[in-house]
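Here's a quick walk through one protein model and the molecule sitting in it. Have a look at the structure first, then read on.

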Amino acid sequence: MKRNKILITGGAGFIGSNLALKLVSCGAEVVVLDNLSEQVHGEEYTDSSLFTSIKDKVDFIHGTVQCRDDWIQALSGVDTVVHLAAETGTGQSMYEIEKYTDININGTSIFLDILANESHNVSKMIVASSRSIYGEGKYHCTVHGDVYPKERVVGNMKNGDFEVKCPVCKGRLKLCATDESSDIHPSSIYGITKQVQEQMFMLMGRSLGIDSVALRFQNVYGPGQSLSNPYTGILSIFSTSILNGNDINIFEDGLESRDFVYIDDVVDSIVLSIFNEEAKGHVFNVGSGVNTNVLAVAEKLITNYASNSKVKVTYNFRVGDIRHNYACLNLIKDKLNFTPKVDFDTGINKFCDWVKQQEVKLDRYQHSIEEMKSKGLYK
Ligand SMILES: NC(=O)c1ccc[n+]([C@@H]2O[C@H](COP(=O)([O-])OP(=O)(O)OC[C@H]3O[C@@H](n4cnc5c(N)ncnc54)[C@H](O)[C@@H]3O)[C@@H](O)[C@H]2O)c1
Ligand SMILES: [Zn+2]
C-alpha cells in the first residue's frame with residue numbers, strides 16, 4: 001500500500017529526526033508531533049540542532065502526546081504513525097515514575113483511544129519498543145538449559161560479583177542472543193512502560209484491523225544523539241565528559257556489555273516496517289547482533305578524541321541496570337530482509353567525527369549520578 005502522510009511522534013529527537021529526513025528524501029509527507037523537551041533539546045529549543053535539522057522540512061506541531069487535541073491535530077490525513085515520543089532514561093525512570101508512566105503509557109493510550117472512537121485514516125502504526133523489556137535476556141546453563149535470570153542480587157554486586165547466575169543452580173551461565181520469544185521481565189519502570197506500549201499497540205492493532213509493528217531497539221547511537229542529556233546514551237554521555245576534560249567513571253567492573261546499533265540501520269528498520277507488508281503484526285528485535293563491553297567503548301572514545309581523560313572502574317552500580325544483552329536478528333532478517341550494515345568500529349568513528357563538529361555541552365553526568373544516590377538507587 002502507498003503511504004502518503006506519515007506522523008512521527010518524537011520526530012525532533014535522535015531517531016525521529018534521522019527518520020524524518022530519510023522519509024522526506026524519499027518523497028513522503030511527514031508530520032512531526034514533539035514537545036521539544038528541555039532534557040533533549042536544551043533550555044532554548046530554537047538552538048537545538050536536532051530540531052533545526054527538520055523544522056523546515058516537515059509539518060511541525062509543537063505539542064505533547066499527553067494532550068488529546070494535539071494528537072487529533074497531528075493525525076489529520078495521516079495514514080501511518082511512527083510513535084517514538086517518550087521519556088527514555090532507564091535510571092531516571094526509577095524515581096520519576098509518574099512522569100514516565102504518564103508520557104509513555106498514558107500518551108499511548110490517548111492515541112489508541114482516538115483510533116477506537118473517532119474517524120481517522122490510520123492503517124499502519126509502529127511503536128518504538130526496547131531491549132529493556134527483556135531485563136537480563138537469554139542465558140544458557142549446561143544443566144538447566146535456556147534460562148532467563150531476574151535482577152541480580154544487590155549483596156553479590158556489593159561484593160564485586162556482577163555476573164548473572166543460573167536462577168535454578170546459581171551456577172555460571174553462557175550469554176546467548178536474546179530472541180523475540182525470550183521471557184519479558186523488565187527491570188526498570190522505563191522497561192515496563194515500553195512493554196505496555198508495545199502490548200497496547202499490538203492488541204489494539206489486531207482489534208481494530210490496523211497493521212501494527214513493534215521494534216525492540218537495542219542501544220542506538222550515532223550523529224544526532226543528544227550530547228546534553230545525561231540520562232541516556234552512554235556514547236554521548238562519555239563523549240561530553242571526555243570533551244570537558246573529565247575522567248570516565250564506569251559502573252560495575254566495566255565488562256557489562258550492550259548491543260550498539262548504528263542510527264542508519266535503525267532508520268532502515270523503521271522504513272522497512274513502514275513499507276513492507278510482511279512487517280504487519282510482528283514484533284522485531286533491531287540491533288547489531290554483537291555485544292561490546294562498556295570499558296572498550298570508553299577506551300575507544302578516549303583514543304578517538306586524543307584525550308588524556310582516564311577510565312576509572314568504580315565497582316558502583318545502578319539498581320535496575322542489566323549486565324549484558326544482545327539481539328538475535330533472525331526474525332527481522334527472515335521477514336524484512338534486514339541486516340545491519342554498519343559495524344561498531346565504523347559507526348563509532350562516524351559518531352566521533354560528528355561530535356567533534358558540535359559545540360561542547362555542559363557535563364551534567366555527575367549531577368545525574370548524585371540524583372540517583374540521593375534516592376538510594378546508586379550503590
Ligand atoms: N536511543 C535508543 O538507544 C533507544 C533504544 C530503545 C528504544 N528507544 C526508543 O526510541 C524512541 C526514540 O528515542 P530517541 O533515542 O530518539 O530519544 P530522544 O529523546 O532523542 O527523542 C525523543 C523525542 O520525544 C520528544 N518527547 C518527549 N516527551 C514528549 C511528549 N510528552 N510529547 C511529545 N514529544 C515528546 C522529545 O522532545 C524528543 O524530541 C523512544 O520511544 C525510545 O524509548 C530508543
Ligand atoms: Zn543451572
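## Around ligand 1

Helix H1 (14–25), strand E2 (29–34), helix H2 (38–41), helix H5, strand E5 (124–130) and strand E10 (219–221) each put at least two residues into the shell around ligand 1. Keep in mind that this is a predicted model. Which element gives the largest share of that shell? That's H1, with three residues.

The shell counts 29 residues, and the ones that come nearest to ligand 1 are Gly 10, Gly 13, Phe 14, Ala 86 and Ala 128. Sorted by class, the residues around the ligand come out as 14 nonpolar, 14 polar and one charged.

## How the helices pack

Two packed helices are described by the angle between their axes and the distance between the axes.

| Pair | Angle | Axis distance |
|---|---|---|
| H5 (97–117) and H7 (189–208) | about 5° | 9 Å |
| H4 (68–75) and H5 | about 55° | 10 Å |
| H1 and H9 (263–275) | roughly 60° | within 10 Å |

Start with H5 and H7, which pack at an angle of about 5°. That angle makes the two helices roughly parallel. On the H5 side, the contact uses Ile 97, Tyr 100, Thr 101, Asn 104, Ile 105, Thr 108, Ser 109, Leu 112, Leu 115 and Ala 116. H7 answers with Ile 189, Tyr 190, Thr 193, Val 196, Gln 197, Met 200, Met 204 and Leu 208. Taken by class, this H5–H7 contact has twelve nonpolar residues, six polar ones and no charged ones.

H5 also packs against H4, at about 55°. H4 and H5 are therefore oblique to each other, and their crossing is right-handed. From H4, the residues in this contact are Arg 68, Trp 71, Ile 72 and Leu 75, and they meet Ile 110, Phe 111 and Ile 114 of H5. How does the contact of H4 with H5 split by class? There are six nonpolar residues, no polar ones and one charged.

Back to H1, the helix with the largest share of the ligand shell. The axes of H1 and H9 cross at roughly 60°, and this crossing is right-handed. H1 brings Ile 15, Asn 18, Leu 19 and Lys 22 to the contact, while H9 brings Ile 263, Val 266, Val 267, Ile 270 and Val 271. That gives seven nonpolar residues, one polar and one charged.

## Two domains

Zooming out, the chain is divided into domain 1, made of 5–138 plus 177–374, and domain 2, which covers 139–176. Taken over C-alpha atoms, the centres of the two domains are 28 Å apart. Domain 1 puts 15 residues into the contact between them, and domain 2 puts in 14. What kinds of residue make up the side of domain 1 that touches domain 2? Seven are charged, five polar and three nonpolar.

How values were computed:
Residues numbered from 1 in each chain as written. Chains lettered and ligands numbered in written order. Predicted model: local features only at pLDDT ≥ 70, side-chain atom pairs only at ≥ 80, totals over all residues. Axes fitted to C-alpha atoms, helices over the stretch in contact; angles between N-to-C directions. Helix = DSSP H or I, 4+ residues; strand = E, 2+ residues; numbered from the N terminus. Parallel < 35°, antiparallel > 145°, perpendicular 65-115°, else oblique. Contact = placed C-beta atoms within 7 Å. Nonpolar A, V, L, I, M, F, W, Y, C, P; charged D, E, K, R; others polar. Left-handed = near helix turned anticlockwise from the far one by under 90°. Domains from an automatic or database assignment. Near = placed C-beta within 6 Å.
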